[in-house]
Each structure stands twice: as structure tokens, then as C-alpha cells.
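Take a walk through the model below.

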Amino acid sequence: MGALLGPIRVLKVVNDYLLQLGRALAVVALAIMVIVILAQVFFRYVLNSALPWPDEAARFMMLWLTGLIAPMAYRRGGFVAIDMLEQALPRRTGGILALTLLVLSLFVLAVGIQIGWSEVTGFGGRFATASLYLPISITFDEWFRIPRSWMMASLLVGFALLILVNVELILRQVVTLFGNPDDLPPLAELDSAGAE
Amino acid sequence: MLIWFLPVFLVILMIGMPVFFALLFAPGALLILEGQTRDLTLLYRNLYNGMDSFPLMALPFFMLAGEIMNRGGITIRLVEFSQAIMGHLRGGLAHVNILSSILFAGLSGSAVADTSALGSTLIPAMEKNGYTRKFAAAITAASSVIGPIIPPSGIMIIYAYVMGESVAALFLAGIVPGILVGVGLMVMVRIMADRYDLPKAERIVHHDQRISTLEYWVSFVLLRLNLGGIIYALTGFSGIRSERVLDDGTTIGPAAWTIWLTLAVCLVVAHLILMAYRKQVDHDFRMVCKKAVAPLQTPIIILGGILIGVFTPTEASAIAVAYALFVSFFVLRSMKLRDLGPVLARSAMGSATVLLLVGAAVSFKTVVALSMAPQVLADFILSLSENPLVLLFLINILLFIVGMFLDAGPAIIILGPILGPIFVEMGVHPVHFAIIMSVNLTVGLATPPMGLVLFVASSVSGERVETISKAILPFLAVEVAVIFLITFVPAISMTIPRLTGFVTP
């Protein structure tokens, strides 16, 4: 099992880095969402002229927020599951069950990322968003209309990061089952708000 | 063949697959077995489109507002305020715990946040006052389920979105049931206070409190505006501002100066009432109340905005964030700039997992519709009985059992689309059914063996989950009774939304 520890360490470093980056970007996205919606309220009720773009811009940010930070929640055990059976079973059987479920989840993710790729690169992604533009010259003369694929890429990136996390979790589970779990580098604990 | 996806789903859910993956795996696997691989794209698109929603945005915002409010300062103010009102009763701190939960529920929509915030201040205080630790933890956990019932409420936003109901209607429908749960618990505490001789407490914990000048003026203005606003609303009955019909049949509204003058008079009256009241109460009580004004304005802004019809719930939630930031940065000064990053990250992470779940639920729902599952299930349920009251009783038991094992959010996401249409078909109002489901599954957060709130109460108090589970039983009995009351007396939940016109009769 020692042979697996090398890849696990590498994957941990990669995931640590990518997920920290994702978390930072998600924080920015949430802050922008708040500002954009407050701007919408201000323009609509105070200045009496509604802006066309805040609704879509905020949804853009919300989708990216989800894609960027959900993998970190998954890695830290933030995805709700009924783990009573796993706890009740003998250690080894429970471990094999957990491994099986991880592999099944990987299957979902693998199918998902394929469809996601064809969606983003496909026909639907080439349409432009309804109201989102980016300036492409310093003088703000020319504006580029953001295509929908930029928005759709959020879920694709999310799936890609989830796969990285899932593979790491699978490798860790294999070591826990057949090797010495104490060799594993520790993962951070969940620190998240909940809807309940 | 497709009908099998429901059993497959239940099995993989029970053996421990994360709900998000199970919601996608079961329908996906069966579509592949059926050879309908093209429909997999449909699943993916529904997952994406399910998250791409403006109404759903209220969820991250309310979570964020709750998190900001939760950062010190506000919890202690609510507790001291509740204590000033109810502390002197027998079983005082237990009553204070319940009242604080009711007030806290108007700021945050989360039972978990309620338990950890109130538990960490009140459980030690109750122990010092002579309560057993298990009792303190149990009443904290039991009263915290009020959080998601009184608006704002995360699970009601989820329900409204997945089922296509109005968030505003669900919010308004939750107010009375939430207060009812609180009152029920207080009655139970009263009974136990006689039997176990529960202690009283001081009404004022900290004497000679000071208040910053800014906070003084913020409370000063807010109190007068609120009271004046209420009086102004009452003048509507007097006819001063009513429309007049002219001779030629046209109607004119009141002149602008009448409105402003009435408002000014109302504010002056409010000021005089408050000044008269100030003479009646002692300094300490006044300070405690003054300090609670700024936090307690949050629910008034949220509900007021939605009720008057000015804001959508999403806009109200963004304004709640702005108000929470204003209060904690400038009025209470309980937050610093460097606290902002972690608070945003916590809310972002919580929102992301819930949003993925909601998206997955939307794709799950399409396959539920494609398969014959609802019809088969409806036939089965109707074969049990044709009396809606009996069926509601049975559904309550089912929801209660589900609530024992699953958190409220995922349970609502899974069961709403399957059960909702059946009961609406039988004549139960969609909003009423939403409240039945929400309250029932929320109480499930505090039921052993798998109660999220129990775990949090255990980690806050250091008491074992099993011990708290036993101590909470009398309170759970009260909550079950309230659930049945809500189920069989629709008026409890439906009156406010009907009166305000958010639900058509």
C-alpha cells in the first residue's frame, strides 16, 4: 500500500491548492452577488430605472460559486448521507461498502463530465447571454457579449474538481482498508453553514 | 422498468450514498439500462437549470445574513432581552431559552445555528442556575426547531422552489405554527417547573449597562418609526386617508399633505407614548430593551418588505445582508473586516451543497414525472383510505419516521415532488401541505437517532447524544401534538397568508 501514498500526497497538494483557489473565488462571487442585487434594488426603487443585467449577473456568480466551492465541501464530508449502516457494520465490511459507494459516485461524475463537456462546447453554449457584456477595449467603446458557455462551464469545472476529490477519497479509502490509515495526511474539517 | 428507479434510489440512499449522487445515480442508471442514454443529457440540463434560478438566490443570502448576525453581540442581546421579559417566572431560564429561539428565528432560518449560538451562552448559564445539563441541552435543541419554521427559512425557500409555490406565502404561513411550537414548549416547561421545582432567575444579568451614542440614536429612531408606522396603519381604519368620490363619479385619493401630516402626528404620538413608558421602567430594563432593538429590526424589514409587496424574497434577503452588515460593523461593532472572509466562505460552502441538492432534485423530479411512480404511489395510498384526514395522519407518521433518519432539506427535496401532488389532488391546500411537511421534518431534526440538532447540542454542551435524546422526549411529545394541531386545523397556517392576499382562498 506504500506505493499509493505517493500519489495520495501529490493529489492532496494539488487539491489543497485548487480548492483553496476555488474557495477564494467563491467568496468573491458571493460578495459580488450581494452587491449586484443591492444595486438592482437601489436602481429600481430609488432611481426608478431598473438595470437589465443584475439578475443574470447574480445567477452567473451563484452558479460559479457552486461549482467552485462544492468540491471542498465534498472533500470535508459536507455532502449529506445516511451513514448509519456504514457505522453499524464491522470495520472492514463498512470500509468496503464506503469504497463501493465512492466508485458509484465516480461513475455519476464521469458520465456527468462527458455530458457537461459536450453541453459547453455544443450548440447551446454558443448562444449569447441575455444581458452580460465585457468591455474589450480600454476606452469602453467595444463590448463583447458573453456567451452562455461561460456560464455553463461552472458546472463542468465543478464536476472536474469533484472527480479530483473523489479519486483522492477512493485512494485514501483503499489505504484505510488494506494498509495503515495512520500514514494518511489529514484533511481539514468541515466549517460550513447549513440550510437547516 | 423505469418504475424501479424509486426502490433503487431508496436502497442506495439507505446504504449511505450521498443524497446528491443518489438523486442522479438512480434515474441515470435506469435510463442507461433502458437504452435511453440520450435522456441523460436531459438529467444534466435539469441539474444545471435547477440551480440557475433567481428565487433560489434568497438561500445563500439568508444564510449569510444569519451567519453575520450570529457573530457575537446579537445572540447575547436577544438572550438578555428575553430574560428581562421572562426570567422571573418559575423555570425562568428555560422560558428564556424558548423565547430567544423564537426571536432568533426571525433573524436566521437555521435550527443548527440557533442551537450552537444559544446553546453556548444559555446551557452554561442554566447549569449555573441549578438546571441539569441534559435538561438545558434538551430544551435548547427542542426550541431550536422553531428556527426554520418562523421566517426567514431555508427549507421553505427550497420547498417553494422545488414545488413551484410562492416563498412569501410559505413564509407568512410559518409564523403562527412557529409561535405555537414555542408556546407549547413554554406550557410544558410550566408543568415541569411545578413538578421538578425549576428555579427562577434574575431579570437583569448585567446592571448599569452602557450604550454607544450611535446605537442609542438608532434604537431611538427605529422604535419611533415602528410604533408610529403601526399607529399610521391603524389610522387607515379611521377614514382620514380614504378615497373620496366626487360628484362626477371619479375618485381621488387623499392629498399628499394629509398623508405626511398624519404620519408626522403618528410619530409624535409614538414619541409621547414611549416617553411616558420610559418613566414607568427602571434604567437597566430600558437599556436591555434598547440594545435589542437593532437586531430585532431584521425580521420587521424582511417581513415588512415582503408584506407591503415592495421586495421579492430574494431582494429582501439581500437587504437583510446589508442591514446585518450595517448593524454588526457600525452599531454593535461586533465584527471586523477580517471576519468577513470566513463568514462568506462558510455561507458559500453551505449554499453550494444545498444548491447542488436542489439541482439534482429538479432532475430527479423529471424522472419521477416520466415514470409512473406518483400514480402507482397514489393508488397505493388511496387503497389505504380515501379519507384525507386519515391519510394526513399516516403521512405525518411517515414524515416523522423519515425525519428520524434524514435531515429536513434533503427529505423535503426527495418527498415533496412525490407526495405533494397526491395531497393537493385530494383537496389539501398546497401551502398548508408545505407547512405540514416543513414543520414535521424540522421537528425531525431533533428526533433520535439521527437528529442534526441533537448532535450539535451534544457538542455544545458536552453531554452524550443518548442522554439528551431521553431528556428531550417530553418536549418532542409537545411538538408532535402541535404537528397534529397544524395538520387538522388548516386555519392556523392559512389565516395570515389569506388575510394578506398571498394565498387565494
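The paragraphs below cover the interface, the cavities, the salt bridges and some backbone features.

This is a predicted model, in which local features need pLDDT of at least 70, side-chain atom pairs count only at pLDDT 80 or more, and totals for chains, interfaces and linings use all residues. Residues are numbered from 1 along each chain as its sequence is written, chains are lettered from A and ligands numbered from 1 in the order in which they are written, and side-chain values use heavy atoms, without hydrogens and water.

Begin with the interface. Chain A brings 58 residues to the contact and chain B brings 69; contact means heavy atoms within 4.5 Å. The two chains bury about 5,600 Å² between them, with 78% of that from carbon and sulfur atoms. Buried area is the accessible area (1.4 Å probe) that two parts lose on being put together, summed over both.

Three salt bridges join chain A and chain B. A salt bridge here is a side-chain nitrogen of Lys or Arg within 4 Å of a carboxyl oxygen of Asp or Glu. A:Arg59 and B:Asp52 form a salt bridge, at 2.7 Å from N to O. On the side of chain A that touches chain B, the elements giving two or more residues are α1 (2-46), α2 (54-75), α3 (84-88), α4 (91-121) and α5 (148-178) of chain A. Helices are DSSP runs (H or I, at least four residues), numbered from the N terminus. That side of chain A has 40 nonpolar, nine polar and nine charged residues.

Now look inside. There are three cavities of 30 Å³ or more. A cavity is a set of points on a 1 Å grid over the protein atoms alone, where a 1.4 Å probe fits but cannot get out; lining residues have an atom within 4 Å of a point. The largest cavity holds about 190 Å³. Its lining has 15 residues, and A:Val108, A:Val111, B:Leu24, B:Leu40 and B:Leu43 are the closest to its centre. By class, the lining of the largest cavity splits into 13 nonpolar, two polar and no charged residues.

Over all chains, the structure has 14 salt bridges. In one of these, A:Arg75 pairs with A:Asp16, with the closest N and O atoms 2.7 Å apart. This pair links helix α2 to helix α1 of chain A, across 59 residues.

Finish with the backbone. The peptide bond from B:Pro151 to B:Pro152 is cis, with omega near -5 degrees. B:Pro152 sits in the loop between α8 (133-144) and α9 (154-163) of chain B.

Notes: Ala, Val, Leu, Ile, Met, Phe, Trp, Tyr, Cys and Pro count as nonpolar, Asp, Glu, Lys and Arg as charged, and the others, Gly among them, as polar. On a 1 Å grid over the protein atoms alone, a cavity is a set of points where a 1.4 Å probe fits but cannot get out, and a pocket is an open set with protein on both sides within 12 Å along at least five of seven lines; lining residues have an atom within 4 Å of a point. Grid points are joined across faces, edges and corners, and a volume is the space filled by probe spheres set on the points.
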